[in-house]
Amino acid sequence: MHGAAVAAMVLGGCGGGTSSTGEASSGTATEGPPASSTTGALPTTGSDSISSSSSSSTGEQSTTGEAVACGDTAAPEVPIAWDPGQPDLSGCEVRGQRDYRAIVHVHSHHSHDACDGDPQPDGVPDEDCLMDLRAALCVTRIDVAFTTDHPTHATEATIEEMLLIRGDDEPVLGAGGTAIASWMVCANGHRVLVIPGVESGSMMPLGLEQHVPDAYGVSSPASFQQIKDVGALAWVAHTESRDLAELATLGLDGLELYQLHANLDPEIREQYLGLDPAGFLTDVSPFFFGPGPLPVPDLAPLGFLLPNEPSIVALEQLGQSQRLTISAGTDAHQNVLPSKASDGERIDSYRRMIRWFNNRIRVVGPLAPATAKAALRAGNNHIVFEAFGTPIGFDFHARAGEAVTEMGAEVTASAGLTLVAALPRLDPRSPQSSETPGIEGRLYRATADGRELLQSWTEGPLELVVPGPGVYRVEVWMTPRQLAPYLGEVAASYTDKPVPWIYSGAIFVR
Ligand SMILES: [Zn+2]
Ligand SMILES: [Zn+2]
């Protein structure tokens with residue numbers, strides 16, 4: 001076993017790094033963003049022909065969180081080949097809001113430790129590494145990438161340079177007339193909205209329209225206010241290692257509820273999660289090493305995925321007095337293990353990590369920097385561990401008469417206030433077999449005294465009258481029986497063991 005090498009899976013040491021100036025990007029400001037990335041004007045690839053946005057303007061909405069065009073195809077009769085990508089989410093709509101896949105927390109060549117630690121050889125961006133990142137976002141059909149580069153080299157780059165513009169990409173201009181985001185144009189017709197941010201020590205502003213170098217690296221109420229004053233979102237990564245009393249003072253918009261490295265970093269595992277520090281080696285090795293036919297390496301999270309309990313507690317406790325958005329942090333740098341997995345791709349590829357899980361922001365109106373940031377600011381997000389399958393139809397909201405409270409929002413307890421949750425089904429386009437997955441919803445309530453499981457259920461929508469104030473969350477757990485054909489000889493070790501599939505945003509009842 002490549003213990004030392006795999007242990008490096010965590011290193012993303014974020015200090016040091018010599019500086020060099022990145023090249024000027026080729027982006028030239030144009031008149032602005034396209035009206036929408038979902039107009040159907042662009043060709044889609046393969047068999048996933050999804051109807052255009054006309055289906056989302058008919059006003060037809062199901063109460064189970066499912067629009068007609070969203071994965072509305074027949075299930076395959078035989079197992080389909082493993083898909084390194086993910087199906088288009090066009091048509092996936094709830095109450096007039098569309099779900100988009102977002103990556104929150106990823107590093108490009110503007111981070112000193114990305115691209116095998118040498119992101120800009122001789123001061124020139126590692127274009128091969130950038131092409132890997134671009135291809136990863138395109139094939140997994142990520143709709144929005146909130147990048148989070150470290151100050152070295154991010155502060156040496158302009159915001160426009162941080163947009164990773166190449167080829168036919170289109171800059172998106174902000175109110176000041178400068179580029180604040182870009183549409184990455186993919187060969188498969190997909191488009192990715194790139195919105196830059198910075199991860200600096202213990203803070204991670206998202207959606208920066210200008211640099212705020214004085215604030216970077218300072219975890220204080222004043223520095224978070226500085227970044228909010230320029231329109232960015234106040235976020236922290238690696239929540240599991242943070243002090244709650246300090247976090248409570250920062251005026252945060254959101255925090256990471258799940259972070260990949262918390263499951264793979266020996267120190268974090270031992271110190272904050274109470275796990276065997278080296279246990280991840282046992283967890284991941286069946287997917288990458290050994291004789292005989294190996295499982296699909298993209299399914300490695302079946303081996304290592306564990307809840308980040310301290311981060312969940314942080315949300316629940318801070319949430320007693322403030323609203324917070326959740327996110328899952330991919331934190332990919334493509335800097336860990338260049339050796340190849342059985343699929344011929346490097347073990348730590350951008351694509352593989354981005355394929356493991358993502359965020360589903362529920363956006364009002366056409367996708368644009370402002371609407372994407374508004375969805376995150378409002379908290380209308382849920383985390384999907386999509387390596388296990390693409391879910392369709394998940395919903396969680398509160399209802400009092402006609403008034404609806406979406407995920408991430410606060411609502412005052414009142415007579416008849418009801419929580420409504422709909423279980424998802426597996427998208428027919430997702431890799432699967434004739435076996436059906438077990439799907440279980442769990443509704444939790446947290447008060448200052450702790451967490452209680454209010455209900456678990458496996459069929460139909462849940463409706464439950466709110467018993468009182470608290471932080472309410474839904475988790476969906478999957479027993480991945482449908483994945484057996486992709487797991488070879490070790491299938492029996494995984495197909496009966498439930499894994500997290502969805503973490504809802506919280507609803508904060510006061
Ligand atoms: Zn890093
Ligand atoms: Zn990071």
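Which residues have the most contacts inside the largest nonpolar core? I looked that up first.

**Ground rules.** I'm reading a predicted model, where local features need pLDDT of at least 70, side-chain atom pairs count only at pLDDT 80 or more, and totals for chains, interfaces and linings use all residues. Residues are numbered from 1 along each chain as its sequence is written, and chains are lettered from A and ligands numbered from 1 in the order in which they are written.

**Core.** The answer is Val 144, Leu 315 and Ala 372, in a core of 130 residues. Such a core is a set of buried Ala, Val, Leu, Ile, Met, Phe, Trp, Tyr and Cys residues joined through C-beta atoms within 7 Å. Buried means 20 or more other C-beta atoms within 10 Å of a residue's own, placed from the backbone. Helix α2 (residues 127-139) gives the largest share, six residues; helices are DSSP runs of H or I, at least four residues, and strands are runs of E, at least two, numbered from the N terminus.

**His 107.** I found His 107 in the loop between β2 (97-106) and α2. His 107 counts as buried because 27 other C-beta atoms lie within 10 Å. Its C-alpha atom is 5.7 Å from that of Thr 148, 41 residues apart along the chain.

**Helix α8.** In α8 (residues 279-288) I noted buried residues including Phe 280 and Asp 283. Gly 290 follows α8, with a positive phi near 125 degrees.

**Confidence.** I checked pLDDT, the predictor's confidence in each residue from 0 to 100. The protein chain averages 88, but residues 1-68 stay under 50. Where pLDDT is low, the predicted coordinates should not be read in detail.

Note on methods: A residue is buried if 20 or more other C-beta atoms lie within 10 Å of its own, exposed if 12 or fewer, and partly exposed in between; C-beta atoms are placed from the backbone. Two residues are in contact if their C-beta atoms, placed from the backbone, lie within 7 Å.
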